[in-house]
Amino acid sequence: MTGMTRLNIKDIVRRLAFLAVSFLALAYASVSAKAENLGGNIYACAQDSDCVVKDVHNCCGYYPACVNASAVIDIQAVERRCAKDNAAGVCGFPEISGCACQNGSCVNIETSPETPQ
């Protein structure tokens, strides 16, 4: 039973670290993404049809997220910021089956947990 508990704790710690890195990477993407006509908020929406899946990029590369269809994502800015900060981490991304507008913000409808690459 001890081996099982140790494995579970290691798995939980690994998943928490992955989530923390993913959050930070998404924060880099959000800071660097541009949405000229959305007041700087790439996630702003009024209805589900305003939201689409786009590559918002992070320090690992490709990272899909539901954002406003009009949002312009500056992938090169994300890459420059990651290089400048020597940012790296555990890579992976959600498998998104669709998008929805909830409380004025585009959100992912995920089909599975994050998929490590």
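This is a predicted model: local features need pLDDT of at least 70, side-chain atom pairs count only at pLDDT 80 or more; totals for chains, interfaces and linings use all residues.
The protein chain contains two helices and four strands, which follow one another from the N terminus in the order α-β-β-α-β-β. Of its 117 residues, 31% count as buried, and the accessible surface comes to about 7200 Å², with carbon and sulfur atoms contributing 57% of that area. Among the contacts with a separation of 6 or more, 56% are made by residues 24 or more positions apart.

Strands β1 (residues 51–55) and β2 (residues 64–68) pair in the antiparallel sense over five bridges, and in this pairing D55 has P64 of β2 as its bridge partner. Five of the five residues of β2 are buried, so this strand is largely enclosed by the rest of the structure. The largest nonpolar core has eight residues, namely I42, Y43, V56, Y63, A65, V67, A71 and I73. A second, separate core has seven residues, including C45, C66, C101 and C106. In soluble globular proteins, nonpolar side chains tend to be buried together.

Helix α2 (residues 75–84) has A77, V78 and C82 as its buried residues. Viewed down the helix axis, these residues fall within an arc of 135 degrees, so they line one face of α2. The face turned away from this buried side carries the exposed residues R80, A83 and K84. Just after α2, N86 adopts a positive phi of about 50 degrees.

The structure holds five disulfides, and when the bonded cysteines are numbered in sequence order the pairing reads 1-9, 2-10, 3-6, 4-7, 5-8. In one of these disulfides, C45 is joined to C101 with an S to S distance of 2.1 Å. Because C45 lies in the loop between α1 (2–32) and β1 whereas C101 belongs to strand β3 (residues 92–102), the pair ties together parts that are 56 residues apart in sequence. The torsion about the S-S bond of C45 and C101 is about 95 degrees, so this disulfide is right-handed, and both cysteines are buried.

A disulfide is also formed by C51 and C106, whose sulfur atoms are 2.1 Å apart. This pair links distant parts of the chain, with C51 in strand β1 and C106 in strand β4, 55 residues apart. Here the torsion about the S-S bond is about -85 degrees, so the disulfide of C51 and C106 is left-handed. C51 is buried, with a relative accessible area of 8%, and C106 likewise counts as buried at 5% relative accessibility.

C66 and C99 form a further disulfide, in which the sulfur atoms are 2.0 Å apart. Since C66 lies in strand β2 and C99 in strand β3, the pair ties together parts that are 33 residues apart in sequence. The link of C66 and C99 is left-handed, with -85 degrees about the S-S bond, and both of its cysteines are buried.

Residue S105 is found in strand β4 (residues 105–116) and, at 26% relative accessibility, counts as partly exposed. When neighbours within four places in sequence are left aside, S105 is in contact with Y43, C45 and A100; of these residues, Y43 is a member of the largest nonpolar core, while C45 belongs to the second core. The C-alpha atoms of S105 and N68 are separated by 8.5 Å, although the two residues are 37 residues apart along the chain.

Conventions
Residues are numbered from 1 along each chain as its sequence is written. Side-chain values use heavy atoms; hydrogens and water are left out. Buried means under 20% relative accessible area, exposed over 50%, partly exposed in between (1.4 Å probe, protein chains only). Two strands pair if DSSP finds at least two bridges between them. Contact means heavy atoms within 4.5 Å. Accessible areas come from the Shrake-Rupley method with a 1.4 Å probe; for residues, only the protein chains shown count as cover. A nonpolar core is a set of buried Ala, Val, Leu, Ile, Met, Phe, Trp, Tyr and Cys residues joined through side-chain atoms within 4.5 Å. The arc is that of the directions from the helix axis to the C-beta atoms. A disulfide is a pair of cysteine sulfur atoms within 2.5 Å.
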